[in-house]
Amino acid sequence: ILGNAYGILGIELMAAAQAMDFRDYGFGAGTAKAREVIRRHVDFLDIDRPLYPDHTKMQELVRSCEILDEVEKVVGSLE
């Protein structure tokens, strides 16, 4: 169940980063950092391609807490 939850969160974060890339808007520091971390691992979806490798990378990224760690360095603890 936990693995599935990581996968779902990964898909949601990947979709959010994709949506942010379509907007010409100044996002908050934490949101911008999260997008930056996601883009280090998954490229912008500008061509039709299988998403399984991106999904797997995002699942591992969520599991590693790298996004959380990097965002907390910018905005402080989220606890």
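Residues are numbered from 1 along each chain as its sequence is written. In this predicted model, local features need pLDDT of at least 70, side-chain atom pairs count only at pLDDT 80 or more, and totals for chains, interfaces and linings use all residues, while side-chain values use heavy atoms, without hydrogens and water.

Me: What makes up the secondary structure of the protein?
Reply: There are 4 helices and 0 strands. A helix is a DSSP run of H or I with at least four residues, a strand is a run of E with at least two, and numbering starts from the N terminus. From that end, the order is α-α-α-α.

Me: Why are α1 and α2 called roughly perpendicular?
Reply: Helix α1 (residues 2-21) and helix α2 (residues 29-41) pack at about 110°. Angles run from 0 to 180 degrees between N-to-C directions, and axes are lines fitted to C-alpha atoms, for helices over the stretch in contact. Under 35 degrees is roughly parallel, over 145 roughly antiparallel, 65 to 115 roughly perpendicular, and the rest oblique. So the pair is roughly perpendicular. The axes of α1 and α2 are 10 Å apart.

Me: Which residues of α1 and α2 meet?
Reply: Leu13, Ala17, Gln18, Met20 and Asp21 in α1 meet Thr31, Ala32, Arg35, Ile38 and Arg39 in α2. Contact means heavy atoms within 4.5 Å.

Me: Why does lysine 57 count as partly exposed?
Reply: Lysine 57 lies in helix α3. Buried means under 20% relative accessible area, exposed means over 50%, and partly exposed is in between (1.4 Å probe, protein chains only). Lysine 57 has 43%, so it is partly exposed. Beyond its neighbours within four places in sequence, lysine 57 touches His41 and Val42.

Me: What makes a set of residues a nonpolar core?
Reply: The members are buried Ala, Val, Leu, Ile, Met, Phe, Trp, Tyr and Cys residues, joined through side-chain atoms within 4.5 Å. The largest one here has 10 residues, including Met14, Ala34, Met58 and Val71. Helices α1, α2, α3 (52-64) and α4 (66-75) each supply at least two. Helix α2 gives the most, with 3.

Me: How do you know that the radius of gyration agrees with a compact globule?
Reply: The radius is taken over C-alpha atoms, and the globule rule is 2.2 Å times the number of residues to the power 0.38. For 79 residues, a compact globule would come near 12 Å; the protein has 13 Å, so the value agrees.
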